[in-house]
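Take a moment with the sequence and the 3D view before reading on. We will go through the structure one part at a time.

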Amino acid sequence: MLAALIVPVVARLRYELGFILALAGVGLSAAASIWSLVYVLDNGTMHYNLGGWAPPVGIEYVVDLISAFVAVIVTSVATLVIIGTRRWADREAGDRLGSFYGLVMLLITGLVGMVVTGDLFNLFVFLEISSLAAYALVFLGGGRAMLAGFRYLILGSVGGSFYMLGVGFLYFSTGTLNMGEMKDILTDDATARSVQAGAAFIFAGLGLKMALVPMHLWLPDAYTFAPSSVNTLIAPIMTKVGAYAMIRMFLSVFPDGYLKDVVPIGDALLVLGLIGIIFGSVAAMSQKDIRRMLAYSSISQLALIAVGVGLGTPLGLVAALLHIMNHAVMKATLFMAAASVRFTSGITQVADFTGLGRRMPFTMGAFTLGALAMVGIPPATGFFSKWYAVQAGIESSQWIVVAVVLVSSLLTAVYLFRILESAYLHPLQPEPSHGHDVPDGFGETEQELALEAQAREAPLDMAIPTVVLGLSTVVLGVLNAVIVINILEPGIA
Amino acid sequence: MIDEIAARFPYWASGVLIAVGLYGMIGKRSLVKKLIGMNIFQSAIILFFIAGSMRDGATLPILLIEDGHILTPVDPELYVNPLPHVLMLTAIVVSVAITGVALAFLIRIYREYQDLDEESLLKKVR
Amino acid sequence: MIETYSSITPLIAVLLPVAAALLVLLTGERFRNVRDSWSTIAALVMVAVVASMLPDVLDGRVPQTTIIEISPGIDIMLRADSAGMIFALLASSLWVLASVYAVGYMRAEHEHKQTRFFVAYALSLGAAAGVAFSANLLTFVLFYELLTLVTFPLVTHRETEAAIVAGRKYLTYTLSGGLMLIGGTAWVHMLGIDGTFVAGGLMADENISKATAWGLLMLLMVGVGVKSAVMPLHGWLPSAMVAPTPVSALLHAVAVVKAGVFGVVRMIVFVFGAELLREMDAWQVIAVLAAATLLIGSMLALRHDNLKRRLAYSTISHLSYIVLGVALLGPIALTGALLHIVGHGVTKITLFFVAGTINAHTHKENVSQLDGIGRQMPITMGAFTLAALSMAGVPPFVLFTSKFYLGWGAAEVDQQIFMVVYLVSGVLAAGYLFPVVYRAFWKRSPDHVAYGEADMRMVVPLAITGVLALFLGIAPNLPFSFFELATNVATAAFGPVEALAGGAR
């Protein structure tokens, strides 16, 4: 089980070998995650004590259904993305390819670590590891990405520190850092004010990491200006793990109902989530740059996860967890397609997508699938997380949730169909007239991009992962009941 | 009121420092000052943890054994809580790493633009 | 009484058009003759497949396919019951003719991107078949949304500014409707009710409060009301007229709007059921809205010179015939409504075929330009005349039969006022269609060029549908026992119609 954690570390140590090792690392890690998911399905939760110390003192790793599920998503999406963005990485990282892949591995190590850990402070350490790697990766973009990266660093550290502060409060109230034990202690007695303060700080910290609405400021710039190989990787999985950590707090740290009845964090998540859904969608509508549009769309979709968590009912959590998977797959598809488009033609502006449906049929086909899934057309994945969210809203008589979730579909349709329209319905342009939105540090590559503007389809090793991701939105949608019944429902019970 | 503050001085101090740090991070235009604010913020949290582990009259949690005799007290009440110290060592490592990365960022930015003021930088990169 | 058995046939019927779409896509523009024959072949096979289920369905044995459990406790399930058979038979047999017609039209107009067009065309038939055979609410929602999606490229096919605007409008309306449906469906399931359609209403025996029932009714009826273009939800339909005519024919006669009214049938008859709606006093609301739409639609049709627009408003009005017929909650009215689905499909597709043929052949699109055209294109305008007679409800045309039952049904439930509405609207239909016939045959043409009949691939299908409009009126039970299917549904839903069935034969 620990293999999932160790493999990326090992690969990192020999990062000079670059892509192959990185791929092997993530691939093995994905295999290990899948294996542990199967194992957990058969045998129940796995525990592993790091260094052989017993849990309350030592650090414990716990793999239950939920964490195995999220780990599988993170590692398998990462695998596909790393294959798909290899060419981007070659172009963008240049002679620093070794350290680039080193950082990527560090990022994934951190994320997987966050998922499998059973210790609150250890979660903080992994959170900072993955964030640190993400800051550096964003920074690689040069130009505006440097500012975006710095801002991301400052705000991210605030988030991390808030989380740590919250953990501090909890530790001094309970005397433990182990999640399981803390839940037992808090179930007996959780009246202390310091526990409530701790919960509030943890909420603020993780909210920042998952870009919950007033704390989203770092995200659009970071996603827009980061190198394509980077935003494709961090957009689908980075914020998801923040959301997972939030769910983990609800499930296995605080007593059942505590975050709803005693501290109004569930309601806060709900309200901020609802605002976020609408705000993200509306902001996405007015964006001209596709990456920025997708970034705002991420804010909106993450807010949907927050709403699911905020409802706090089993059905709401199912919706949230399912949406973690769905959004990871859908956003990966969309960002991959956007990256492929930019790779072959340098296009980043929505208005320049004209005729791309003809020029890049497979990439845009995958983009279309991803977009339809985002809108929530059945039987693609996005529909089902919305379906459970709507059901959860009805179940707890939160009519506003139902309305917002449904309306958000429509808003999503507005901004995504704009792209589809220009890709399929506007006449083909011989060559994009403007809009080489290449950051300043990329003077030399701009010519390369212009040379490749005539290219038709993206190279195969970019197109295939994109198409695989696109198709999986449909396959996972059809199979969602299998996932929900076997993994999610027992997992949160 | 004064007594109250004095009795729990480290907590109040860390609270004030957190506020100072936050102000530095958000209110200052200079990127370096933002970074300094961040460091103050993190130190304040470390202070908070350490203060939390303190006990009056307690000593270091180290067991001294000589010739089979335990020299130090065995009553756990007489030790300070060691775990926060350990955690804070980790936290310091983390914060040093972040600071290092941030400084590297600042050097790159400065080399590129000869400027570290956020607003004028934003104008320059456009 | 009705037993189901497991069979893969309904699934095959749904998948056939999808397979055709794939073949069309793979064949591509280079082998256009091969490509274009796939649709027709698939359509013929589909008719055969659907018809093969007919004897069993008439015996009360319903084939059913369970595909996959899509959400805990909810299956994607297809079931070819009587109501579904009516819609599927209509859609598949009209598809045969429409596919031939579309080939002729698209080539005559030199439309671009024909491959995409035929792919989407075939897919929308698949989605329509899915709507027809859906056995529960979620399956219905799924295919309903898919139908929206695959018809979008058809509406925007011309890629002009107007087409794109119309496409947006279409999507906005139908997606909003779809969302209402999703909300309603989720709610039904949260009440712990199984969403499988039951003749007489799946909510009939459930104990739900009046407020809840009204909420559900709003969501579900608005959801299906958008596609059936009940005012005030009709705005998308006239704008969607910018699409190529085979699409308009498909939208207005076969797939989309009929999926909408079919949805109305499903909701009223199979979800809510007569008793609940009577208890809620809800049927009056639906009936009044439909009656208003019916009259206003007819009047608006009168003042449009553009032939396709005139037909669009006529469609809006005629769809409400059906909605009103269903909302009356009587067995006879329901029989009439179901027959009207078939009859209006056959008649309206003829009218659209004619409008398209004229446009493709002579580039005329306004009624005022059609003087004397009947002498140049006698077959085309002859078919138009047949269809116009049918629309006006002249015996023995098919729409006379259905209107007769609709009127009778209104009388049966003591709502003579709606019978009057039907009659007035019939007169209005004559008012907006007969001038076209008059101009075509009795006015002198300003043109001095002889252009003659259009391409046979357009003329033959429209002649067939024109004759069918007459033929189905005389023998509604041939070839596909539409009448028997309709009475079966009505009996299962609202009680026996035997007296009537005996008298009509």
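Start with chain A, whose secondary structure comes to 22 helices and two strands. Keep in mind that this is a predicted model. Chain A has 493 residues, and 66% of them are buried. Next, look at its contacts between residues at least 6 apart in sequence. Of these, 80% join residues at least 24 apart.

Now pick out two helices of chain A: α15, residues 314-345, and α21, residues 460-478. Their axes come within 9 Å and cross at roughly 150°. An angle over 145 degrees counts as roughly antiparallel. α15(A) and α21(A) are therefore roughly antiparallel to each other. The crossing of α15(A) with α21(A) is left-handed. Which residues meet here? On α15(A), they are A:M325, A:V329, A:M330, A:A332, A:T333, A:M336, A:A337, A:S340 and A:F343. On α21(A), their counterparts are A:M462, A:A463, A:P465, A:T466, A:L469, A:G470, A:S472, A:T473 and A:L476. By class, this contact of α15(A) with α21(A) has twelve nonpolar and six polar residues, and no charged ones.

From α18(A), the contact uses A:K386, A:A389, A:V390, A:G393 and A:I394. From α19(A), it uses A:V401, A:V402, A:V405, A:L406 and A:S409. Seven residues of this contact are nonpolar, two are polar and one is charged.

Both of these helices turn up again where chain A meets chain C. There, 23 residues of chain A are in contact with 22 residues of chain C. Which helices of chain A each supply at least two residues to this side? They are α18 (381-395), α19 (399-424) and α22 (480-492). α19(A) gives the most, with seven residues. By class, the side of chain A that touches chain C has 18 nonpolar, three polar and two charged residues.

Step across to chain C. Here you find an open sheet of three strands, in the order β1-β2-β3, with mixed pairing. β1 (3-6) and β3 (74-79) of chain C stand at the edges. Each has a single partner strand, so one side of each is left without a neighbour in the sheet. Neighbouring strands are turned by 45° against each other on average, direction ignored. Look at β1(C) and β2(C), the latter made of residues 61-71. They pair in the parallel sense over four bridges. C:T4 stands opposite C:V62 in β2(C). Helix α1 of chain C, residues 9-27, packs on the sheet and touches β2 and β3 of chain C. The direction of this helix makes about 70° with that of β2(C).

Finally, turn to chain B. Its contact with chain A takes 24 residues from chain B and 23 residues from chain A. On the chain B side, α3 (31-53), α4 (82-113) and α5 (118-125) each supply at least two residues. α4(B) gives the most, with eleven residues. The side of chain B that touches chain A divides into 19 nonpolar, three polar and two charged residues.

Conventions. Residues numbered from 1 in each chain as written. Chains lettered and ligands numbered in written order. Predicted model: local features only at pLDDT ≥ 70, side-chain atom pairs only at ≥ 80, totals over all residues. Contact = placed C-beta atoms within 7 Å. Nonpolar A, V, L, I, M, F, W, Y, C, P; charged D, E, K, R; others polar. Pairing = 2+ DSSP bridges. Axes fitted to C-alpha atoms, helices over the stretch in contact; angles between N-to-C directions. Buried ≥ 20, exposed ≤ 12 C-beta atoms within 10 Å, placed from the backbone. Parallel < 35°, antiparallel > 145°, perpendicular 65-115°, else oblique. Left-handed = near helix turned anticlockwise from the far one by under 90°.
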